[in-house]
Amino acid sequence: LDSSQKVDPAADVIAVDGQIVGYEEHIYLMLYKPAGVVSATEDNVSPTVIGLLPRQYQGAGLFPVGRLDKDTTGLLLITNDGTWAHGITSPKKHMDKIYDAVVEGDIPPDMGQRFADGIVLDDGLHCLSAKAVQTGPQSLTVVVQEGKFHQVKRMFHAVGKEVIYLKRLSMGSLALDKTLTKGEYRSLTEEEIKKAEDNYNSQKKLLDDRLV
């Protein structure tokens, strides 16, 4: 086997152990990230989200679009298309990210208003106006438009509450597929890929369904 040999995906057929291997220039995946794995391509200590994928995707230049904390679960997009990834995560898009959160102790009645007013983090960072809607004695649905480091957890910490569970439900127009279980993935449809590139108008219904 000559590793320097070049192939033409449009004309050549490649097979491994008798099975034809297809070629995709760009790959777009939706992963249900479990807790205990890091949103990175490689790590010397912990397993990574890329490591959850089968062999066919290893070496394809895949990377997570944004990140989720190690102990946070939920929707994580994975691709090898840098232009697409940058386009859907650009701060100018003001893309809504929806989370389910559980916090320690009782939830103050003014929590929603404090998030709407804009939380000021311990380091002085002023967060954009966000939504926090109580859904249970200790649970809330949270909507933020930023993606700062540990932002949701830091926002709750700034108002005296500690997060004990956090799951991302959606990014813009893309919602976590309810048929996926933790650690499972699927390819995005062509429609989902296109919607993600221009999600501002398509996200309103998703928010209404979650927060009405």
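A: The accessible surface of the chain comes to about 12,400 Å², and 50% of this belongs to carbon and sulfur atoms; such areas come from the Shrake-Rupley method with a 1.4 Å probe, and for residues only the protein chains shown count as cover. This is a predicted model, in which local features need pLDDT of at least 70 and side-chain atom pairs count only at pLDDT 80 or more, while totals for chains, interfaces and linings use all residues. Residues are numbered from 1 along each chain as its sequence is written, and side-chain values use heavy atoms, with hydrogens and water left out.

Of the 212 residues, 41% count as buried, a term for a relative accessible area under 20%, with exposed meaning over 50% and partly exposed in between (1.4 Å probe, protein chains only). The chain has five helices and 11 strands; these are DSSP runs numbered from the N terminus, helices being H or I of at least four residues and strands E of at least two.

The interior may now be considered. In soluble globular proteins, nonpolar side chains tend to be buried together. A nonpolar core is a set of buried Ala, Val, Leu, Ile, Met, Phe, Trp, Tyr and Cys residues joined through side-chain atoms within 4.5 Å. The largest such core has 32 residues, of which L62, I78, M111, F115, L140, M155 and F156 touch the most other members. At least two residues of this core are supplied by each of β3 (28-33), β5 (73-79), β6 (97-103), α2 (111-117), β8 (139-144), α3 (151-158) and β9 (163-171). Another core, of 17 residues, lies apart from it and includes V65, M171, L180 and I193.

Across the chain, 67% of the contacts between residues at least 6 apart in sequence join residues at least 24 apart.

Confidence is given by pLDDT, the predictor's value for each residue from 0 to 100. The chain has a mean pLDDT of 86, and 80% of its residues reach 70 or more. Confidence is highest in β3, at 98, and lowest in helix α5 (residues 204-211), at a mean of 54.

Note on methods
Contact means heavy atoms within 4.5 Å.
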